[in-house]
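Here is a short briefing to read alongside the sequence and the 3D view.

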Amino acid sequence: MADVAAHITGTVWKIEVTVGQQVKSGDTLVILESMKMEMPVEATEDGTVKEIRCKESQPVNEGDVLVVLG
């Protein structure tokens, strides 16, 4: 399984996927907001969303796992 982590410290603005959804490398999974800028977090490989470990409006730190792909 692949863990997709935050690349910045910020707030989860929007979750773009659901559990069970098929994604491809480069698809946006989560959008983070930091310093009034929206930053997408993208899949690094093809897979299925197995778990979403964040919720909208949640603060996150760089390296926190947001989505688990299988």
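Strands β2 and β4 run antiparallel and are joined by four bridges. Keep in mind that this is a predicted model. That pairing belongs to an open, antiparallel sheet of four strands in the order β5-β4-β2-β7, and a second open sheet has the order β1-β8-β6-β3.

- Strand β2 covers residues 10-15 and makes an antiparallel pair with β7 over two bridges.
- Strand β4 (residues 28-34) is mostly covered, with five of its seven residues buried.
- Between β4 and β5 there are six bridges, and the two strands run antiparallel.
- One of the facing pairs here is S34 and M37, the latter in β5.

**The turn between β4 and β5**

- β4 and β5 form a hairpin that has two residues between them.
- M35 sits in the turn and has a positive phi of about 55°.
- K36 lies in the loop between β4 and β5, and its phi is near 65°, a positive value in a residue other than glycine.
- Most residues other than glycine have a negative phi.
- Is K36 buried or exposed? K36 is exposed, and its relative accessible area is 80%.

**The sheet β1-β8-β6-β3**

- Four strands make up this open sheet, and their pairing is antiparallel.
- β1 and β3 (22-23) are the edge strands; each has a single partner strand, so one side of each has no neighbour in the sheet.
- Strand β1 (residues 2-5) runs antiparallel to β8, and four bridges join the two.
- Two residues of interest in that pairing are D3, which stands opposite V68 in β8, and V4, whose bridge partner in β8 is V67.
- On the β6 side, β6 and β8 form an antiparallel pair over three bridges.
- V67 turns up again there: in β8, V67 is the bridge partner of I52.
- Why is strand β8 (residues 65-69) described as largely enclosed by the rest of the structure? The reason is that four of the five residues of β8 are buried.

**Another positive phi, at S57**

- S57 is found in the loop between β6 and β7.
- The phi of S57 is near 80°, a positive value in a residue other than glycine.
- S57 counts as exposed, because its relative accessibility is 59% and the cut-off for exposed is over 50%.

**Salt bridges**

- How many salt bridges does the count come to? The count comes to two.
- Side chains of opposite charge can pair when their charged atoms come close.
- R53 has a relative accessible area of 43% and is partly exposed, while E51 counts as partly exposed at 35%.

- Which residues form the negative surface patch? The patch is formed by D27, E42, E45 and D46.
- E45, one of these patch residues, lies in the loop between β5 (37-42) and β6 (47-52).
- The relative accessibility of E45 is 40%, so E45 counts as partly exposed.

Notes: Residues numbered from 1 in each chain as written. Predicted model: local features only at pLDDT ≥ 70, side-chain atom pairs only at ≥ 80, totals over all residues. Heavy atoms only, no water. Patch = residues over 30% accessible without salt bridge, like charges linked within 9 Å, V, L, I, M, F, W, Y side chains within 5 Å. Areas by Shrake-Rupley, 256 points an atom, 1.4 Å probe, with all protein chains shown as cover. Salt bridge = Lys/Arg side-chain N within 4 Å of Asp/Glu carboxyl O. Lys, Arg positive; Asp, Glu negative; His and termini not counted. Charge placed at Lys NZ, Arg CZ, Asp CG, Glu CD. Buried < 20%, exposed > 50% of the residue type's maximum accessible area, 1.4 Å probe, protein only. Pairing = 2+ DSSP bridges.
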